[in-house]
Every structure is written in structure tokens, then in C-alpha cells.
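Here's a quick briefing to read with the model open beside you.

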Amino acid sequence: MSSARLPVLEKFIADLRTVWSAEADNQRRMERAKPLLEQLVKDAGLKAHSASWPSTEGYKNLLLYVDPDHHFVINAVVRMPGRTGSVHDHADAWVLYGVLDGSESLERYERIDDGSRPGYAEVRLASVSTGTQGKVDLVPPGAIHAEQGGPTRSVAIIVRSQRLGQGTVLQSATARLRSRTNWWRDEIARLRGAGVTCAYEIDANSAAARTTRSEWPER
Ligand SMILES: [Fe+2]
């Protein structure tokens, strides 16, 4: 990537710096940044530019910017067609996820255990929405979610309140279980087809993912 940033990205950074200077609270900052990111990811020039960005397969992000004063971060991800995303959260970071190109399924999960067992979580699929260019998802700290690739290559721009990888909750657990993810996808697709959501275990210690309930009625 060129070291000279696109003017549209320079403007976006300047606008974010204004927001971060005016607001001390990360939630307020992100709420004010959301419409700015919605505008950015509708930009035709940025979308055309992103066509040359490399794939970020393998839990990588492209690092576009780190603010030296406020420490917010701008990343990008480039997903290959049909890319399977893992279930994860971002610990205590606030995150804005904006789709620039292609389409992705944005999934939210609910945690249904009491959190008392270390390295263990039980979650269920709560909602799925389709993200296309211009869609921005605000992901609060601890919100459990996944992004699934669509039929074509997709690109997203991400604003984080802090750098990736600071703090861990489910991120490390799900990363270890990556090899089982396709099996989960099949299971979720099957249950969706039957009109139900599902619950399954994430066991960080044994890496032995298994469904705890094959069916979970909507509540
Ligand atoms: Fe995420």
C-alpha cells in the first residue's frame, strides 16, 4: 500500500480526531464515528482502490492507521469468496465494522452459560443480517459475533478503540477451534433450514467443540 493516503482517508482520520478530542467516552466516540464510517465506505474511489488490497486470510488485518494521540486504529479485512469466519468477541474494545465491497453475513450470538467456568462458553446464534457496501455494524465490548464471507471477495474497513489483540475473551478460544468451524457452519445451516437456532460449546482447554443441544427453540 502506498504511504500517501487517499484524500478521502485523510479526511476520515481528521474527522475521527475531532470526535476523539471532543468526547472522552469510547461509546460516544463510536456512536459519532458511525455515520462518518458509513460515508467513507460508500466512497467509490476507496472501493476501487481496495481492489488491489491483499487477502487477509489467516486471522490477519491490514493496518491502515494508528492514531498517535488517541490510539484508535483503522484496519481493513479482505475476505475471499465463501470465507468462514469464527465466533469471537473483541474483549473491551469498541469496534465499528463497515462493508466497503461485496457482501457479508453479520452474525450475533448470545452467551447462555453463566461464565463461571474458566475457558468455557456456551453461545447461541441470535441474529443474522446481510452487510453490503455502506453497512456499518457497531460492536460493543464483549459482544459475541462472526462475519461470514459472501459469494464474492469482500472488503471491510474497521475502526477500533484500541489495537487488535489487546485483551482476550473468546478470541483465543475460537482461534484454536478453527478446524471445526466448517462443521459448525453446516450445523448452523441445517438448523436454520429447520427454523431453529442452535447452541454449542466452545472449550478452550480441550479444543473439543461439540454441540450441546442440536435444537434450541426461539425465546
Ligand atoms: Fe469482529
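First, a term: a residue counts as buried if 20 or more other C-beta atoms lie within 10 Å of its own, exposed if 12 or fewer, and partly exposed in between, with C-beta atoms placed from the backbone. Helices (H or I, at least four residues) and strands (E, at least two) are DSSP runs, numbered from the N terminus. This is a predicted model, so local features need pLDDT of at least 70 and side-chain atom pairs count only at pLDDT 80 or more, while totals for chains, interfaces and linings use all residues. Residues are numbered from 1 along each chain as its sequence is written.

**Strand S7**
- Six of the six residues in S7 (144–149) are buried.
- In a regular strand, side chains alternate between the two faces of the sheet.
- Here Ile144, Ala146 and Gln148 are buried on one side, and His145, Glu147 and Gly149 on the other.
- S7 runs antiparallel to S4 (104–111), joined by six bridges; pairing takes at least two DSSP bridges.
- Glu107 has Ala146 as its bridge partner in S7.

**Nonpolar cores**
- A core is a set of buried Ala, Val, Leu, Ile, Met, Phe, Trp, Tyr and Cys residues joined through C-beta atoms within 7 Å.
- The largest has 26 residues, and Leu37 and Leu96 are among those with the most contacts inside it.
- A second, separate core of six residues includes Val87, Tyr109, Ile144 and Ala146.

**His71**
- His71 has a positive phi of about 70° despite not being a glycine.
- His71 sits in the loop between S1 (62–66) and S2.
- His71 is partly exposed, because 13 other C-beta atoms lie within 10 Å.
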